[in-house]
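I opened my notebook to work through one structure. I wrote down each thing as I looked it up.

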Amino acid sequence: MKKSFIALLASSVLLAISGCNTGSNSEDLSSNDSINDSISDTSSDNSSSQTETKLYFDTSKDVSITFYHTMNGTLMEVLQASIDSFNRIYPNIHVESTSAGGYDDVRDQIKTALSAESLLCDMVYCYPDHVALYNQAKSTLILDRYINDTQTDDNGNLLYGLSDTQIDDFVDSYWEEGKCFGDGQMYSLPFSKSSEVMFYDKDFFKNNNLSVPDHWFSIDENDFTSMEYVCERILQIDPNCYPLGYDSESNWFITLCEQLNSGYTSSGENHYLFDNQTNRDFVKKLKTWYDANYFTTKAIYGQYTSNLFKNQDTSKPRCYMCIGSSAGASNQVPDGFTFEVGVAKIPQMDASNGKVISQGPNVCIFKNKDPQKEMACWLLLRYLTTDINFQANFSMVSGYSPVIESVYRNEIYQEFLDSSDGAENLTAASTSVARDQENWYFTSPAFVGSSNARDQVGNLLVSVFSSTNNDYDAIVSQAFSNVMNELQSN
């Protein structure tokens, strides 16, 4: 199967390349970067000149645009190949594709420029939290007008807008994320996405007759499929291990809030909803787990928990389950493929109301006094997000999930998914499980301060877990109070 897949991929219209470097550790792709929420409202006169006129793009005149992103290496090659294909349709659009560092670097550069009422780029690859920051300066182009434009060419093809079929092709939760800013308007399109999945040592589970956990807390002592039971059982087998590793404390807190429907944040006036008894109770429960050695996290252990998962040095501890980004699957494979890696959905509170975080970058366009630049950016964004070949190839190289459903019906991409295994093709297995969780995806509201809230709830868990105070109620109460004071003081 592997040989036939490689041959098919090499002979296809897609690029026959593998591996990627996105300018940051791929395991960290699912985490939103923190933002400095201080940017002035500098709307000035930097508004689109298309506001009151019919959309029109002049294909007879050259127009140059700059696209800032975090991609480099082979992933940059995938992007450039698609831009080259785009230029065969629009040869007058000159795209400067710029790898501007990591997500923090890109955000900070743009924030500084917006504060000085200038632009560094015309479109940017970013998280929704960052779009909220750019919106504070009223610099982000609202896309509804472009999406809904109905002008057609002589053959009846849409010139600029998206058809109902194209809109319906986007994964619903990914599409909705572009308008998660409280006013119902579309500020970005999804570009590539990831969620969280659970990697586990399939050989260890099989050899020890363990069930893969599908929910967190035990109903009783014989609840064999609870995370609580499985962690306790693993410790009986290997007392020196951490049964579970969780890379993102923030994701864990936010996901449990969503699974419990207990409140996390809101785009309304009262942004911070998470300080309630239900959430204090689950944090207290996790503290008992931590003190029982059921798990560790990236911040507490000081390294990605995939390193513990892959560890084969018997003088050092390891973990047998690891919850992390679906886009970071390649980092979960042990050297020499010494054991088979399984991939499963993350545990739930109630599988009938499953919830798993959806993350990954979108692309937004900045307002420009030149409407042709805005149009050129829109046409490129429309192409990149609706082209099946690009979305398929980008997914196979990066480990991100495609944002349109039609990719899954593509022969080459289906061959990629069929090649999945627990070793060298773990990325495909991870992508398949991420798709299986598609109906569980959720996103949190994006507002100025939302990224800080995300960071703070992660810090809350770390402070509780690392405390040596035996009064759990006291340390949990203090941790919540500290975080709320920090958020409300900013």
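**Strand pairing**

I began with the strands: V356 stands opposite Y441 in β12. This model is predicted, so I kept to its limits: local features need pLDDT of at least 70, side-chain atom pairs count only at pLDDT 80 or more, and totals for chains, interfaces and linings use all residues. Residues are numbered from 1 along each chain as its sequence is written, and side-chain values use heavy atoms, with hydrogens and water left out.

I looked up how β10 and β12 (residues 441-442) run, and they pair in the parallel sense over two bridges. Two strands pair if DSSP finds at least two bridges between them. Strands are DSSP runs of E, at least two residues; helices are runs of H or I, at least four residues; both are numbered from the N terminus. Next I took β5 (residues 194-201) with β10 (residues 356-359), and these pair in the antiparallel sense, over two bridges. There, S195 stands opposite S358 in β10.

**Aromatic rings**

How many aromatic pairs does a search of the whole structure find? I got 37. Rings of Phe, Tyr and Trp (its six-membered ring) pair if their centres lie within 6.5 Å; planes under 30 degrees apart count as stacked, over 60 as edge-to-face and the rest as tilted. I picked out Y134 and F366, which are edge-to-face, 5.4 Å centre to centre with 65° between the planes. This pair links distant parts of the chain, 232 residues apart. Y134 is in helix α4 (residues 128-136), and F366 is in the loop between β11 (362-365) and α14 (371-386). F181 and Y187 are also edge-to-face, because their ring centres are 5.4 Å apart and their planes are at 85°.

Buried or exposed? I checked Y134 and F366. Buried means under 20% relative accessible area, exposed over 50%, partly exposed in between (1.4 Å probe, protein chains only). Y134 has 0% relative accessibility, so it counts as buried. F366 has 3%, so F366 counts as buried too. F181 and Y187 are both buried.

I also noted a cluster linked by ring pairs: Y103, Y125, Y127, F191, F390, F394 and Y400.

**Charges over rings**

K298 lies over the face of Y304, 4.9 Å from the ring centre. R318 lies over the face of F339, at 4.9 Å from the ring centre. A charge sits over a ring if NZ of Lys or CZ of Arg is within 6 Å of the ring centre and within 35 degrees of the ring normal.

**Positive phi**

Most residues other than glycine have a negative phi. I found E117 with a positive phi of about 60°, although it is not a glycine. E117 sits in the loop between α3 (103-115) and β3 (123-126). E117 counts as exposed because its relative accessibility is 52%. F337 has a positive phi near 50°. F337 lies in the loop between β8 (321-325) and β9 (341-344), and at 44% it counts as partly exposed.

**Cysteines**

I searched the whole structure for disulfides and found zero. A disulfide is a pair of cysteine sulfur atoms within 2.5 Å. C319 is buried at 0%, and C322 is buried at 0%.

**A loop residue**

Last, I looked at N92, in the loop between α2 (73-89) and β2 (93-99). N92 is buried, with a relative accessible area of 5%.
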